[in-house]
Amino acid sequence: MDILIEIFLEIYLELMFLIVPEEKRKRKHRIIVGILAIVELIGLFALLIWGCYLIEDKKTPWGWLPLIGVIVLSIAQIVTGIILYFKRNKRD
């Protein structure tokens with residue numbers, strides 16, 4: 001089970017970092033975007049943990065809202081990264 005979670009997280013991080021610009025961009029810009037991506041990932045994990053806490057410990061259905069938010073934001077980020085990746089490779 002640990003291997004599956006590790007593989008899933010590795011794939012997610014790869015797809016998430018497709019948004020980070022390539023070496024053609026300024027180094028300062030790449031660092032800022034990378035930091036923002038890491039902060040968003042930490043925020044998504046916090047929402048995930050909070051939602052699970054509300055559902056499991058508090059037994060409230062309001063915990064589904066943070067979980068749905070995590071899913072929507074993750075899908076939006078991955079789709080944006082894939083679109084930007086194909087646009088960058090199309091230009092080359």
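Okay, ground rules. Residues are numbered from 1 along each chain as its sequence is written, and side-chain values use heavy atoms, with hydrogens and water left out. Since the model is predicted, local features need pLDDT of at least 70 and side-chain atom pairs pLDDT 80 or more, while totals for chains, interfaces and linings use all residues.

So, the fold. We have three helices and zero strands, in the order α-α-α; these are DSSP runs, H or I of at least four residues for helices, E of at least two for strands, numbered from the N terminus. Of the 92 residues, 25% count as buried. Buried is under 20% relative accessible area, exposed is over 50%, and partly exposed is in between, with a 1.4 Å probe and protein chains only.

Now helix α2, residues 27-56. Its 30 residues reach 43 Å from first C-alpha to last, close to the 44 Å expected at 1.5 Å a residue, where the expected span is 1.5 Å times one less than the number of residues. Its buried residues include Val33, Ala37, Leu41 and Leu44.

Last stop, helix α1, residues 2-16, where we find Asp2. With a relative accessible area of 63%, Asp2 counts as exposed.

That's my tour, thanks.
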